[in-house]
Amino acid sequence: KYDSSSQGVEITFTINKSGQQLTIQDLEVIYDGESHQIDESSIVVNFGNKADGALVITGNIARKDVGTTTVSIKVLGNDNFNEFNSSVSIIVKHKDLNDEDVVAIVKPSYVYDGTEKRPSYDDLQITYNGMTLTTNDYIIEKYENNVNATNDTNKACITIKAHTTDRCNYTGTKKIYFDIAKADQTPRFET
């Protein structure tokens with residue numbers, strides 16, 4: 001209220017509460033077996049109530065496996081600011097089996113004997129970020145060049161493929177190369 005009695009005019013006006021502004025971005029990561037979360041350090045109140053306790057994060061604030069989690073964000077109102085409500089997503093994307101950091105080896109060694117070599121799930125060791133993948137993560141899709149002895153330019157191969165279920169954290173395929181050693185020859189002499 002402004003009183004200008006010297007001029008005989010009285011002016012009354014209202015100051016409305018202001019809206020608030022935040023800087024907040026979705027958190028998007030590739031599956032790595034770790035839990036990812038939204039916390040106060042990832043949200044910046046650019047213009048608004050910056051008092052301790054004014055920022056309220058609700059819902060499931062963390063996500064580990066592939067999918068999307070929505071986190072609710074609220075900045076409480078006060079005498080000068082209206083309450084502000086928003087949301088942010090935690091998006092965990094599939095890890096590609098063909099990436100270099102997905103390491104795969106065939107555990108046993110093979111020697112040529114004229115039969116097909118078909119490593120089983122138990123013969124494979126596939127790891128990523130300290131985790132060992134299981135049959136819940138992939139299937140054996142096919143075998144190639146797995147009968148004759150191999151060399152540096154011609155390896156035996158097994159192809160694995162990520163399961164296509166919603167619960168699988170992986171995608172794509174990976175070729176795993178392995179060796180088949182030459183067999184020793186044992187000459188026979190007839191007398």
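I126 touches V102, V103, A104, M131, T132, L133, Y138, I160 and I176, leaving aside residues up to four places away in sequence, where contact means heavy atoms within 4.5 Å. The model is predicted, so local features need pLDDT of at least 70 and side-chain atom pairs count only at pLDDT 80 or more, whereas totals for chains, interfaces and linings use all residues. Residues are numbered from 1 along each chain as its sequence is written, and side-chain values use heavy atoms, with hydrogens and water left out.

**Nonpolar core**

- I126 and L124 are the residues with the most contacts inside the largest nonpolar core, which has 35 residues; such a core is a set of buried Ala, Val, Leu, Ile, Met, Phe, Trp, Tyr and Cys residues joined through side-chain atoms within 4.5 Å.
- At least two residues of this core are supplied by each of strand 9 (67-75), strand 10 (84-93), strand 12, strand 14, strand 16 (138-144), strand 17 and strand 19 (173-178), strands being DSSP runs of E with at least two residues, numbered from the N terminus.
- Strand 17 gives the largest share of this core, 4 residues.
- In soluble globular proteins, nonpolar side chains tend to be buried together.

**Strand 12 and its sheet**

- The antiparallel pairing of strand 12 with strand 14 (residues 124-128) runs over 5 bridges; V102 stands opposite Y128, and V106 stands opposite L124.

**N169 in its loop**

- N169 is placed in the loop between strand 17 (156-162) and strand 18 (170-171), and this residue counts as buried because its relative accessibility is 8%.
- The side chains of N169 and D65 are joined by a polar contact of 3.1 Å, that is, a pair of N or O atoms within 3.5 Å; within protein, one must be able to donate a hydrogen and the other to accept it, and residues adjacent in sequence count only if both atoms are side-chain atoms.
- A polar atom of the N169 side chain also lies 2.8 Å from the backbone nitrogen of V66.
- Not counting residues up to four places away in sequence, N169 touches Y31, D65, V66, H94 and K95.

**Cysteines**

- The count comes to 0 disulfides, a disulfide being a pair of cysteine sulfur atoms within 2.5 Å.
- C157 is in no disulfide, and the nearest cysteine sulfur, that of C168, is 19 Å away.
- Both cysteines are buried, C157 at 4% relative accessibility and C168 with a relative accessible area of 1%.

**E141 on strand 16**

- E141 lies in strand 16 and is partly exposed, with a relative accessible area of 39%.
- Beyond residues up to four places away in sequence, E141 touches T159, I160, K161 and T173.
- From E141 to F13 the separation is 128 residues in sequence and 75 Å in space, C-alpha to C-alpha.

Methods
Buried means under 20% relative accessible area, exposed over 50%, partly exposed in between (1.4 Å probe, protein chains only). Two strands pair if DSSP finds at least two bridges between them.
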